[in-house]
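Biologist: Can you walk me through this model? I'd like to go residue by residue, then look at the ligand.

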Amino acid sequence: MAGNWKMYKTPADTIAFFEKFRPLTERSEHCEIVICPPFTNLAAAVDAVKGSRIRVGAQNIAWAREGAFTGEISGAMIVAAGATYTIVGHSERRQYFGETDETVLKRTQAALHSGITPIVCVGERLEERESGHTEAVLIRQFQNGIAGLTEAQFAKIAIAYEPVWAIGTGKTATPEIAADAHRAIRAQAREKFGPQAAEAIRILYGGSVKPDNTRVLMGQPEIDGVLVGGASLDPVSFASIVNF
Ligand code: PGA
């Protein structure tokens, strides 16, 4: 169960969040819990979750180890801050910051080289769904991005299916729509990496996940977890998603 805070909260807000969130998830041992705050809050978040099962992730990672890459943050820097996950290829990065399937692959490889677990995002835009291209888009994103990994690397990632039309819009994919997309992604995984790898890969659903729709989404055997934006900002709301 992963939370993506996007560009919200300061370090002080982060501390306040975990003060409320920790007691609410103290006994939540059925899942992994990951919060991905902005880079500037990583250290505060890592400090605030010490002694708990909660893990901290970044929202992006540079593909280079270091160098003249103004505005980028490397895997070593993320590791030094104490984070162990990162989101890669979120649709907002694809839409506003020129992220491509190729750079998604490079960033995913960089995360793995640093020992960070990447949560690799894929998903179709509204016009792609409406024109019947959902599966083709997912296949393209898989083929050009994830399929470039080795088998050993693939075993270490998680995938998030995030239909762009469902992100921040209040329009959740129905559990059936999400499960169909997850099946399409898993079929790609099977073809490229074999049945065992396809069975083991964790595919999260993201897009307007809320406390009141988590249970039906998680009821789909294809859905292994959720990546939550807006509803992860509030400790009570995200705790009730975790404890669905
Ligand atoms: P949302 O965002 O839950 O606010 O729709 C999900 C995401 O972008 O990861």
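Biologist: Is D180 buried, partly exposed or exposed?

Modeller: D180 counts as partly exposed, because its relative accessibility is 48%. Buried means under 20% relative accessible area, exposed means over 50%, and partly exposed is in between (1.4 Å probe, protein chains only). This is a predicted model, where local features need pLDDT of at least 70, side-chain atom pairs count only at pLDDT 80 or more, and totals for chains, interfaces and linings use all residues. Residues are numbered from 1 along each chain as its sequence is written, and side-chain values use heavy atoms, with hydrogens and water left out.

Biologist: Where is D180 found?

Modeller: In helix α9. Helices (H or I, at least four residues) and strands (E, at least two) are DSSP runs, numbered from the N terminus.

Biologist: How many residues separate D180 and T117 along the chain, and what is the C-alpha separation?

Modeller: They are 63 residues apart along the chain. Their C-alpha atoms are separated by 25 Å.

Biologist: Which residues have the most contacts inside the largest nonpolar core?

Modeller: F18, I146 and I159. That core has 60 residues. A nonpolar core here is a set of buried Ala, Val, Leu, Ile, Met, Phe, Trp, Tyr and Cys residues joined through side-chain atoms within 4.5 Å. Helix α9 (residues 175-193) gives the most to this core, with six residues.

Biologist: What does I146 touch?

Modeller: Leaving out residues up to four places away in sequence, I146 touches V120, V122, Q141, F154, I157, I159 and F193. Contact means heavy atoms within 4.5 Å. Another core, of 11 residues, lies apart from the largest one. Its members include A2, V34, I87 and L204.

Biologist: Switching to α12. Why is α12 largely enclosed by the rest of the structure?

Modeller: Because six of the eight residues of helix α12 (residues 235-242) are buried. They are P235, S237, F238, A239, I241 and V242. What covers them includes β1 (2-4), α1 (11-25), β2 (33-36), α11 (214-218) and β8 (225-228).

Biologist: What caps the N-terminal end of α12?

Modeller: D234 does. One of its side-chain oxygens lies 3.2 Å from the backbone nitrogen of V236.

Biologist: And S232, where is its place?

Modeller: In the loop between β8 and α12. S232 counts as buried, because its relative accessibility is 0%. Not counting residues up to four places away in sequence, S232 touches G3, N4, W5, F17 and F238.

Biologist: Which residues is C36 in contact with?

Modeller: Aside from neighbours within four places in sequence, C36 is in contact with G3, N4, W5, K6, G57, A58, Q59 and I87. C36 has its place in strand β2. It is buried, with a relative accessible area of 0%.

Biologist: Next, E222. Which side chain joins that of E222 in a polar contact?

Modeller: The side chain of R186, at 2.9 Å. A polar contact is a pair of N or O atoms within 3.5 Å; within protein, one must be able to donate a hydrogen and the other to accept it, and residues adjacent in sequence count only if both atoms are side-chain atoms. E222 has its place in the loop between α11 and β8. It is buried, with a relative accessible area of 14%.

Biologist: On to the ligand. Which residues around the ligand come nearest?

Modeller: Of the 13 residues around the ligand, K6, H90, E162, G168 and S208 come nearest. A residue is near a molecule or strand if one of its heavy atoms lies within 4 Å of it.

Biologist: What lies 2.6 Å from a polar backbone atom of G168?

Modeller: An oxygen atom of the ligand. A backbone N or O atom of G229 lies 2.9 Å from a ligand oxygen. For G230, the distance from a backbone N or O atom to a ligand oxygen is 2.8 Å. Taken alone the ligand exposes 280 Å², and the protein buries 97% of that. Those areas come from the Shrake-Rupley method with a 1.4 Å probe; for residues, only the protein chains shown count as cover.

Biologist: Back to S208. What is its phi?

Modeller: Near 55°, a positive value in a residue other than glycine. S208 is found in the loop between β7 (202-206) and α11. At 8% relative accessibility, S208 counts as buried.
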